[in-house]
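Good morning, everyone. Please look at the structure on the screen while I talk.

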Amino acid sequence: INDIARDQEGRIWVGTPRELARWDGGQFVNMTPTNGDPVINVQRIVAAPDRGLWVLGASGALSKCVGREWTVNTRLDDVLWKPSQRPLEILPDSQGGAWLTKYGFGLWHVDASGVLRQIGAEQGLPSTLFECSHQDREGNLWLGFSGSGLACVRPRVFNTVRPMEKLSDREQLASQSRDRFDQPAFLLRR
């Protein structure tokens with residue numbers, strides 16, 4: 001088994017070198033979509049809020065399945081094969097797409113139709129060194145950067161909450177969550 005995930009309904013999914021399968025309470029059942037290759041080498045599975053599953057294959061494809069049908073299929077050659085200290089993170093969004101982060105290389109978004117675009121310094125992203133990320137219930141993507149603060153990514157808008165020059169050399173964002181009033185809360189590591 002290469003990966004395991006739980007979907008929105010609490011069902012367990014596994015990805016193997018040959019298939020995508022779901023636990024039915026007594027055994028694993030092959031759930032590999034029928035509108036593609038019958039054998040897939042699943043590397044990652046991430047459940048989406050719309051009942052879909054994002055599946056990263058060893059071939060370099062990121063695909064989304066709903067039921068037993070592939071609905072999105074995009075190549076990640078420019079994203080996957082960059083050497084990094086950390087693996088590619090996949091964060092499903094509330095519009096049927098997914099955010100992709102890779103430490104040291106940046107941020108990408110795959111929309112619901114499979115269009116991949118990179119977001120970087122040209123669009124105002126302050127750094128590519130992501131320590132943590134979180135999508136809030138409004139669909140904003142919060143990114144915590146090593147030594148350079150925090151950014152909130154909204155459609156076509158970046159808001160830097162704490163500028164890079166105000167963090168000391170010994171500070172970095174360790175995590176982000178919500179407080180009891182559902183406001184963003186941040187933990188700095190010193």
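I will go through the salt bridges and then a surface patch.

A word on the source. This is a predicted model, where local features need pLDDT of at least 70, side-chain atom pairs count only at pLDDT 80 or more, and totals for chains, interfaces and linings use all residues. Residues are numbered from 1 along each chain as its sequence is written, and side-chain values use heavy atoms, with hydrogens and water left out.

Salt bridges, then. The term means a side-chain nitrogen of Lys or Arg within 4 Å of a carboxyl oxygen of Asp or Glu. How many does a search of the whole structure find? It finds 6.

Take Asp3 and Arg44. Their side chains meet in a salt bridge, at 3.8 Å from N to O. Asp3 sits in strand β1 and Arg44 in strand β5, residues 42–47, so this pair ties together parts that are 41 residues apart in sequence. Strands here are DSSP runs of E, at least two residues, numbered from the N terminus.

Are these two buried or exposed? Buried means under 20% relative accessible area, exposed means over 50%, and partly exposed is in between, with a 1.4 Å probe and protein chains only. Asp3 counts as buried because its relative accessibility is 17%. Arg44, at 23%, counts as partly exposed.

Next, Asp50 and Lys64. Their closest N and O atoms are 2.4 Å apart in a salt bridge. This pair also links distant parts of the chain: Asp50 is in the loop between β5 and β6 (53–57), Lys64 is in strand β7 (residues 61–66), and they are 14 residues apart. Lys64 is buried, at 4% relative accessible area. Asp50 is partly exposed, at 38%.

Now Asp7 and Arg11. Their side chains meet in a salt bridge at 2.7 Å, N to O. Asp7 is buried, at 8%. Arg11 is partly exposed, at 29%. Which residues are linked in a network of salt bridges? Asp7, Glu9, Arg11 and Arg51.

Last, the surface. Ile1, Ile4, Ile12, Trp23 and Phe28 form a nonpolar patch there, with about 500 Å² of accessible area together. Accessible areas come from the Shrake-Rupley method with a 1.4 Å probe, and for residues only the protein chains shown count as cover. Patches take residues with over 30% relative accessible area and no salt bridge; like charges are joined within 9 Å, and nonpolar side chains (Val, Leu, Ile, Met, Phe, Trp, Tyr) within 5 Å. Look at Ile4 in strand β1, residues 3–6. Ile4 counts as exposed because its relative accessibility is 53%.

Methods:
Helices (H or I, at least four residues) and strands (E, at least two) are DSSP runs, numbered from the N terminus.
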